[in-house]
Amino acid sequence: MPSHYSETELVNAHSHSSHNLEEVQKSSDCGCFSCLKIFSPSEVTEWLADGTVVCPYCAVDSILGSMSGYLLTKDFLAEMNGRWFRKITRPPRQKNARNAIAVVVTFIVLISNIILPNNIWVLILGILGFVAVFMITIYYKLMIRRRLGASKGLEPGKYT
Ligand SMILES: [Zn+2]
(Lines give C-alpha, C1' and ligand atoms only; values in the text may rest on other atoms or scores of the structure.)
Protein backbone atom coordinates (compact mmCIF):
# COMPACT_ATOMS: atom_id res chain seq x y z
CA MET A 1 0.00 0.00 0.00
CA PRO A 2 1.64 3.28 -1.03
CA SER A 3 1.77 5.75 1.88
CA HIS A 4 0.97 9.43 1.45
CA TYR A 5 2.85 10.15 4.65
CA SER A 6 6.48 9.53 5.52
CA GLU A 7 7.54 7.10 8.24
CA THR A 8 8.99 10.07 10.20
CA GLU A 9 5.62 11.87 10.09
CA LEU A 10 3.75 8.79 11.28
CA VAL A 11 6.25 8.22 14.10
CA ASN A 12 6.24 11.90 15.14
CA ALA A 13 2.45 12.02 15.07
CA HIS A 14 2.33 8.93 17.30
CA SER A 15 4.34 10.76 19.99
CA HIS A 16 1.38 13.18 20.27
CA SER A 17 -0.91 10.34 21.35
CA SER A 18 0.57 10.11 24.84
CA HIS A 19 0.83 12.74 27.62
CA ASN A 20 -1.45 14.77 25.37
CA LEU A 21 -4.29 15.89 27.67
CA GLU A 22 -3.38 19.58 27.54
CA GLU A 23 -2.76 19.54 23.79
CA VAL A 24 -6.05 17.76 23.07
CA GLN A 25 -8.06 20.11 25.32
CA LYS A 26 -6.59 23.13 23.51
CA SER A 27 -7.39 21.61 20.10
CA SER A 28 -10.42 22.51 18.00
CA ASP A 29 -10.98 18.85 17.15
CA CYS A 30 -9.36 15.51 17.72
CA GLY A 31 -9.22 12.11 16.04
CA CYS A 32 -8.64 8.51 17.02
CA PHE A 33 -6.41 6.32 14.88
CA SER A 34 -7.80 3.16 16.45
CA CYS A 35 -11.51 3.59 15.58
CA LEU A 36 -10.90 6.47 13.08
CA LYS A 37 -13.49 8.78 14.64
CA ILE A 38 -13.07 12.55 14.47
CA PHE A 39 -14.80 14.43 17.30
CA SER A 40 -14.75 17.46 19.56
CA PRO A 41 -12.27 17.54 22.49
CA SER A 42 -15.26 18.32 24.74
CA GLU A 43 -16.27 14.66 24.28
CA VAL A 44 -13.04 13.55 25.97
CA THR A 45 -13.88 12.62 29.53
CA GLU A 46 -11.27 10.00 30.33
CA TRP A 47 -7.49 9.97 30.47
CA LEU A 48 -4.80 7.91 32.13
CA ALA A 49 -2.91 9.00 35.25
CA ASP A 50 0.02 10.19 33.10
CA GLY A 51 -2.22 12.61 31.17
CA THR A 52 -2.75 10.36 28.14
CA VAL A 53 -6.20 10.83 26.61
CA VAL A 54 -8.36 7.75 26.10
CA CYS A 55 -10.84 7.57 23.20
CA PRO A 56 -14.48 8.02 24.33
CA TYR A 57 -15.57 5.63 21.55
CA CYS A 58 -13.09 2.73 21.68
CA ALA A 59 -11.16 3.31 24.94
CA VAL A 60 -7.78 3.10 23.20
CA ASP A 61 -5.06 5.68 23.92
CA SER A 62 -4.66 6.66 20.28
CA ILE A 63 -6.00 10.22 20.23
CA LEU A 64 -4.42 13.12 18.34
CA GLY A 65 -5.46 16.74 18.82
CA SER A 66 -5.43 19.21 15.93
CA MET A 67 -2.93 21.27 17.99
CA SER A 68 -0.36 18.56 17.19
CA GLY A 69 -0.09 20.22 13.77
CA TYR A 70 -1.38 17.21 11.85
CA LEU A 71 -4.41 17.58 9.64
CA LEU A 72 -6.86 15.09 11.14
CA THR A 73 -8.52 13.55 8.11
CA LYS A 74 -9.97 10.03 7.83
CA ASP A 75 -7.17 9.34 5.37
CA PHE A 76 -4.46 10.35 7.81
CA LEU A 77 -6.05 8.41 10.69
CA ALA A 78 -6.35 5.32 8.47
CA GLU A 79 -2.69 5.66 7.55
CA MET A 80 -1.76 5.95 11.24
CA ASN A 81 -3.93 2.92 11.96
CA GLY A 82 -2.09 0.97 9.27
CA ARG A 83 1.29 1.96 10.70
CA TRP A 84 0.52 1.37 14.38
CA PHE A 85 -2.16 -1.32 14.46
CA ARG A 86 -2.62 -3.43 11.34
CA LYS A 87 1.01 -3.78 10.35
CA ILE A 88 1.87 -5.30 13.70
CA THR A 89 -0.85 -7.94 13.82
CA ARG A 90 -1.52 -9.16 10.28
CA PRO A 91 1.54 -9.91 8.13
CA PRO A 92 3.30 -12.34 10.55
CA ARG A 93 0.21 -14.57 10.79
CA GLN A 94 -0.14 -14.59 7.04
CA LYS A 95 3.55 -15.45 6.51
CA ASN A 96 3.33 -18.28 9.06
CA ALA A 97 0.35 -19.77 7.25
CA ARG A 98 2.20 -19.64 3.93
CA ASN A 99 5.36 -21.15 5.42
CA ALA A 100 3.35 -23.96 6.99
CA ILE A 101 1.78 -24.80 3.61
CA ALA A 102 5.20 -24.66 1.91
CA VAL A 103 6.63 -27.09 4.49
CA VAL A 104 3.71 -29.50 4.02
CA VAL A 105 4.07 -29.38 0.21
CA THR A 106 7.84 -30.02 0.46
CA PHE A 107 7.21 -33.02 2.76
CA ILE A 108 4.59 -34.53 0.44
CA VAL A 109 6.93 -34.16 -2.55
CA LEU A 110 9.91 -35.64 -0.66
CA ILE A 111 7.92 -38.61 0.66
CA SER A 112 6.33 -39.24 -2.76
CA ASN A 113 9.79 -39.13 -4.29
CA ILE A 114 11.04 -41.80 -1.85
CA ILE A 115 8.03 -44.06 -2.47
CA LEU A 116 7.99 -43.50 -6.25
CA PRO A 117 11.52 -42.49 -7.30
CA ASN A 118 11.99 -40.62 -10.58
CA ASN A 119 8.27 -40.55 -11.26
CA ILE A 120 7.31 -37.69 -13.59
CA TRP A 121 3.89 -37.33 -11.86
CA VAL A 122 5.59 -36.70 -8.52
CA LEU A 123 7.59 -33.88 -10.12
CA ILE A 124 4.46 -32.39 -11.74
CA LEU A 125 2.56 -32.61 -8.44
CA GLY A 126 5.46 -30.93 -6.64
CA ILE A 127 5.55 -28.07 -9.13
CA LEU A 128 1.76 -27.68 -8.89
CA GLY A 129 2.05 -27.61 -5.10
CA PHE A 130 4.57 -24.79 -5.16
CA VAL A 131 2.50 -22.86 -7.71
CA ALA A 132 -0.49 -23.25 -5.35
CA VAL A 133 1.55 -21.81 -2.46
CA PHE A 134 2.42 -18.75 -4.57
CA MET A 135 -1.20 -18.36 -5.68
CA ILE A 136 -2.35 -18.46 -2.04
CA THR A 137 0.25 -15.80 -1.13
CA ILE A 138 -0.94 -13.50 -3.93
CA TYR A 139 -4.58 -14.12 -2.97
CA TYR A 140 -3.89 -13.22 0.68
CA LYS A 141 -2.09 -10.04 -0.36
CA LEU A 142 -5.07 -9.00 -2.49
CA MET A 143 -7.47 -9.75 0.38
CA ILE A 144 -5.44 -7.62 2.81
CA ARG A 145 -5.22 -4.77 0.30
CA ARG A 146 -8.97 -4.92 -0.26
CA ARG A 147 -9.61 -4.92 3.49
CA LEU A 148 -7.29 -1.94 4.04
CA GLY A 149 -8.93 -0.15 1.12
CA ALA A 150 -12.37 -0.72 2.63
CA SER A 151 -11.28 0.68 5.99
CA LYS A 152 -10.14 3.87 4.27
CA GLY A 153 -13.56 4.44 2.76
CA LEU A 154 -15.68 7.16 4.34
CA GLU A 155 -18.27 5.09 6.17
CA PRO A 156 -18.84 6.81 9.49
CA GLY A 157 -21.36 4.23 10.65
CA LYS A 158 -18.81 1.47 10.40
CA TYR A 159 -16.74 2.65 13.34
CA THR A 160 -19.44 3.45 15.85
ZN1 LIG B 1 -11.23 5.42 19.19
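**Overall fold, zinc site and surface of the predicted model**

From the N terminus on, the elements of the protein chain follow the order α-α-β-β-β-α-α, giving four helices and three strands. Here helices (H or I, at least four residues) and strands (E, at least two) are DSSP runs, numbered from the N terminus. This is a predicted model, in which local features need pLDDT of at least 70 and side-chain atom pairs count only at pLDDT 80 or more, while totals for chains, interfaces and linings use all residues. Residues are numbered from 1 along each chain as its sequence is written, and side-chain values use heavy atoms, with hydrogens and water left out.

Of its 160 residues, 30% count as buried (buried means under 20% relative accessible area, exposed over 50%, partly exposed in between; 1.4 Å probe, protein chains only). The protein chain exposes about 10200 Å², of which carbon and sulfur atoms supply 65% (Shrake-Rupley method with a 1.4 Å probe; for residues, only the protein chains shown count as cover). Among contacts (heavy atoms within 4.5 Å) between residues at least 6 apart in sequence, 66% join residues at least 24 apart.

Next comes the metal site. The zinc ion has the protein donors C32 (SG), C35 (SG), C55 (SG) and C58 (SG), at 2.2 to 2.3 Å; donors are N, O and S atoms within 2.8 Å of the metal (3.2 Å for Na, K and Ca), and sites may look incomplete because water is not among the atoms. The sequence spacing of these donor residues is C-x2-C-x19-C-x2-C. The arrangement is tetrahedral because the four donor atoms subtend angles of 107 to 112 degrees around the zinc ion, and four donors count as tetrahedral if all angles lie between 85 and 135 degrees. With a relative accessible area of 3%, C55 is buried, whereas C58, at 26%, is partly exposed.

Most residues other than glycine have a negative phi. L36, in the loop between β1 (30-32) and β2 (38-39), has a positive phi of about 65 degrees and is buried at 2% relative accessibility. H19, found in the loop between α1 (7-15) and α2 (21-26), has a positive phi near 50 degrees but is exposed at 56%.

Finally, I120, W121, L123, I124, L125 and L128 form a nonpolar surface patch with about 680 Å² of accessible area together. Patches are made of residues with over 30% relative accessible area and no salt bridge, with like charges joined within 9 Å and nonpolar side chains (Val, Leu, Ile, Met, Phe, Trp, Tyr) within 5 Å; a salt bridge is a side-chain nitrogen of Lys or Arg within 4 Å of a carboxyl oxygen of Asp or Glu.

Terms used: Tetrahedral: all angles 85-135°; square planar, octahedral: opposite > 155°, others 65-115°.
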